[in-house]
Amino acid sequence: MSLATPFIHRNLPRLLLEAREAVMQHTRPSLREHGLSDQQWRVLRVLGEHADNPAGVETGRVAREALLLGPSLTGVLGRMERDGLIARERCPQDARRTVVRATRAGLKLVGTLSQTIEAHYQWLESRLGTARLAQLYALLDEVIALEAPAGVTSDGTDA
């Protein structure tokens, strides 16, 4: 009698992690060159995407979009603030909340790194083709939406 479970499907979480690591091995050297961890880059990328919001971004949203747990985010933000990449302040509407924004130096770093990262995405698109890369993005978005808890949108907010 075999005790092994007969899996039929491939290990999707492992494949997604493997794909992430394969992509990150192209990005990581540039991050390290600028003294950034993967987590710090994810925070900077989120803040760069919301740079047009003068009020900043609430830390809960940063945590969701950067895929970081609250305690980890606190440490990451502390180091980034020390390094002059972000600024934190209390939310004017609700002093219990904190908002974050990238500093000028942080946004400059986002601009510098985005060139390298976009070049890699262009390379990936040239290998896969525009339609297949778009299909990959669409399939990933669909899986994320399917697996999201009921009543929660893909950005982590309640529907």
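This is a predicted model: local features need pLDDT of at least 70, side-chain atom pairs count only at pLDDT 80 or more; totals for chains, interfaces and linings use all residues.
## Ground rules

Local features need pLDDT of at least 70 and side-chain atom pairs count only at pLDDT 80 or more, while totals for chains, interfaces and linings use all residues. Residues are numbered from 1 along each chain as its sequence is written, and side-chain values use heavy atoms, with hydrogens and water left out.

## How α2 meets α4

Helix α2 (residues 38-49) packs on helix α4 (residues 70-82) at an angle of about 80°, and their axes sit 10 Å apart. Helices here are DSSP runs (H or I, at least four residues), as are strands (E, at least two), numbered from the N terminus. Axes are lines fitted to C-alpha atoms, for helices over the stretch in contact, with angles from 0 to 180 degrees between N-to-C directions. The two helices are therefore roughly perpendicular (65 to 115 degrees).

On the α2 side, the contact (heavy atoms within 4.5 Å) uses Gln39, Gln40, Val43 and Leu44; α4 brings Leu73, Val76, Leu77, Arg79 and Met80.

## The core

The largest nonpolar core has 25 residues, and Leu36, Trp41, Val43, Leu44 and Leu47 have the most contacts inside it. Such a core is a set of buried (under 20% relative accessible area) Ala, Val, Leu, Ile, Met, Phe, Trp, Tyr and Cys residues joined through side-chain atoms within 4.5 Å. Helix α2 gives the largest share, 5 residues.

Beyond its neighbours within four places in sequence, Val43 touches Val62, Ala66, Leu68, Leu73, Val76, Leu77 and Met80.

Leu67 sits in the loop between α3 (59-66) and α4. Its phi is near 55°, a positive value in a residue other than glycine.

Conventions: Angles under 35 degrees count as roughly parallel, over 145 as roughly antiparallel, 65 to 115 as roughly perpendicular and the rest as oblique. Buried means under 20% relative accessible area, exposed over 50%, partly exposed in between (1.4 Å probe, protein chains only).
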